[in-house]
Amino acid sequence: MASTQNIVQKLWSLCDILRDDGITYHQYVTELTLLLFLKMAKETQTEGRLPAGLRWEDLERKTGVEQHSFYRSMLVQLGNASDPLVAAIYSNASTSIKEPRHLAQLIDAIDVIDWYSAREDGLGDLYEGLLEKNANELKSGAGQYFTPRALIYAMVHVMQPQPGEVIQDPAAGTAGFLIIADRYIKQHTGDLFDLSIPQQEFQKRNAFVGMELVPDTQRLALMNCMLHDIVGTDKGPVWLGNTLSTEGQHLPKADVILTNPPFGKKKGGGLPTRDDFTFPTSNKQLAFLQHIYRSLKPGGRAAVVLPDNVLFEGNAGRQIRTDLMDKCNLHTILRLPTGIFYAQGVKTNVLFFTRGKTDAGNTKAVWVYDLRANMPQFGKRTPFTTEVLKPFVEAYGDKSDGSAPRTDEGETGRFRCFARSWIAERDDNLDIAWLKDESAVDAADLPEPAALAQEAIGELQHAMAELEAILEQLDEEMEA
């Protein structure tokens with residue numbers, strides 16, 4: 001793996017070339033994606049997907065201003081390519097590179113990389129490393145698209161996706177959940193060779209589907225999937241669109257949904273406009289939750305990351321939780337530690353549920369695992385690893401629907417069971433905590449000032465969301 005890490009570091013260091021052009025880390029990864037696709041098509045002998053005259057060698061042989069002008073024209077033409085995946089990756093693409101010499105430096109630097117080693121280690125792993133590097137840069141703002149891989153591994157492990165199942169991520173980001181689910185299935189099927197040819201084709205073309213709102217992020221997702229041999233439909237495995245609009249209604253029903261919907265304020269881009277939701281809400285996380293449990297096939301299962309406010313918000317929030325527990329067996333909630341997401345200060349959970357065969361009375365009890373109380377401050381010095389999640393995975397059990405035998409650890413333990421009737425007495429409030437958090441934050445362990453400022457912003461946004469919910473409730477009472 002050392003060679004992959006070295007290549008990722010070399011590619012990342014190229015960002016210094018573009019700083020004089022005022023290009024951000026996230027813009028840089030997008031620029032790199034547009035160029036890497038051309039180079040990797042050459043290295044993997046798949047240049048036939050690209051129109052003649054619009055390939056790596058055609059760009060490389062030009063120099064100076066001519067090269068820069070050709071590249072800008074090339075992006076437009078590739079956006080209209082006959083190959084659907086090429087057209088999707090380059091749709092409305094443009095370059096932020098203003099200086100021809102910077103483009104030439106980038107092309108030369110990419111050309112001298114040891115691509116033989118990259119192929120040996122797997123180009124997909126190389127690209128994942130680049131995306132992770134991007135997410136680790138607080139200044140990039142890219143963390144919102146990148147769920148910690150340790151958490152994805154744990155969620156996929158307990159959900160146990162199977163060959164032949166449709167796996168959906170309605171907030172795909174850079175396609176991390178789809179990639180790890182695909183990897184899990186390949187590890188259990190001899191890299192798909194244990195499957196028949198039709199089954200292998202299903203896995204490549206029909207098993208995985210996602211939707212992403214931001215065009216540049218969808219580009220990264222499509223590239224990531226392509227390098228992991230996930231082809232998808234004509235539109236690719238990750239579609240461009242707003243899940244919370246009518247576009248989301250076109251996503252296929254799923255056997256498994258794995259996702260981390262975006263955090264943030266209730267107002268802003270991508271507001272819910274679906275007319276098929278039973279409970280209209282301006283809270284995007286609550287809207288995503290409705291989409292998820294409505295999109296599951298009977299017996300389908302989901303694991304979804306959601307902030308604390310979804311567990312206790314009133315009005316539509318309470319109605320949606322009640323509906324969820326009626327239509328699905330909400331069998332497990334994992335309370336996550338703070339500080340593991342790049343949106344600092346956001347308190348999050350993973351909800352695990354299975355869609356019932358009927359629409360009433362499916363949840364009998366909810367198991368809550370508290371991985372938040374008395375946990376260290378995770379960050380660069382204390383990384384959030386799969387080892388941290390191992391006790392939860394073991395307690396969850398070996399049944400993907402949460403039906404394996406479990407042990408209630410009592411008031412001093414981390415894993416407890418709560419009856420549906422007890423939750424109903426709490427007005428279906430699922431923000432359940434019982435451990436006293438005795439961890440004291442050492443001054444030496446405090447995050448960077450920028451992270452602290454971001455945490456303060458998160459807390460203020462959370463407070464604003466609560467005030468808006470109270471105002472909505474008061475307005476409803478006055479109208480009544």
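User: Why is Arg-61 called exposed?

Analyst: This is a predicted model, and in it Arg-61 has a relative accessible area of 59%. Exposed means over 50%, so Arg-61 gets that label.

User: And what makes Arg-61 and Asp-58 a salt bridge?

Analyst: Their side chains meet at 3.0 Å, N to O. The cut-off is within 4 Å, so the pair counts. As for the background, side chains of opposite charge can pair when their charged atoms come close.

User: Is Asp-58 buried or exposed?

Analyst: Buried: its relative accessible area is 14%, and the label applies under 20%.

User: Which residue does Glu-57 pair with?

Analyst: Glu-57 makes a salt bridge with Lys-42, at 4.0 Å from N to O. Glu-57 sits in helix H4 (residues 56-60) and Lys-42 in helix H3 (residues 25-43), so this pair ties together parts that are 15 residues apart in sequence.

User: Why are Glu-57 and Lys-42 called partly exposed?

Analyst: Glu-57 has 26% relative accessibility, and Lys-42 has a relative accessible area of 26%. Buried needs under 20% and exposed needs over 50%, so Glu-57 lands in between, and so does Lys-42.

User: What about Arg-416 and Asp-408?

Analyst: Those two side chains meet in a salt bridge as well, at 4.0 Å, N to O. Arg-416 is buried at 17%, while Asp-408 is partly exposed at 37%.

User: How many salt bridges are there in the whole structure?

Analyst: A search of the whole structure finds 22. Some link up: Arg-274, Asp-276 and Arg-294 form a network of salt bridges.

User: How do you know that the span of helix H14 agrees with its number of residues?

Analyst: H14 covers residues 284-295, which is 12 residues. The expected span is 1.5 Å times one less than the number of residues, so H14 should span 16 Å. Its end C-alpha atoms are 16 Å apart, which agrees.

User: What makes H14 mostly covered?

Analyst: Of its 12 residues, 11 are buried. Among them are Leu-286, Phe-288, Ile-292 and Tyr-293, along with Lys-284 and His-291.

User: What happens at the start of H14?

Analyst: A side-chain oxygen of Asn-283 comes to within 2.9 Å of the backbone nitrogen of Gln-285. A polar contact needs N or O atoms within 3.5 Å, and this pair falls inside that limit.

User: Why is strand E5 called largely enclosed?

Analyst: E5 spans residues 296-307, and nine of its 12 residues are buried, so the rest of the structure largely encloses it.

User: Which strands does E5 pair with, and how do you know?

Analyst: Two strands pair when there are at least two bridges between them. Strand E4 (residues 254-259) is joined to E5 by five bridges, and the two run parallel; one example is Ile-257 with Ala-302. Strand E7 (residues 348-355) is joined to E5 by seven bridges and runs antiparallel to it, with Arg-301 and Thr-354 as bridge partners. Both counts reach the cut-off, so E5 pairs with E4 and with E7.

User: Why do Cys-328 and Cys-417 get the accessibility labels they have?

Analyst: Cys-328 has a relative accessible area of 0%, so it is buried. Cys-417 is partly exposed because its value is 28%, which lies between the 20% and 50% limits.

Terms used:
Residues are numbered from 1 along each chain as its sequence is written. This is a predicted model: local features need pLDDT of at least 70, side-chain atom pairs count only at pLDDT 80 or more; totals for chains, interfaces and linings use all residues. Side-chain values use heavy atoms; hydrogens and water are left out. Helices (H or I, at least four residues) and strands (E, at least two) are DSSP runs, numbered from the N terminus. Buried means under 20% relative accessible area, exposed over 50%, partly exposed in between (1.4 Å probe, protein chains only). A polar contact is a pair of N or O atoms within 3.5 Å; within protein, one must be able to donate a hydrogen and the other to accept it, and residues adjacent in sequence count only if both atoms are side-chain atoms.
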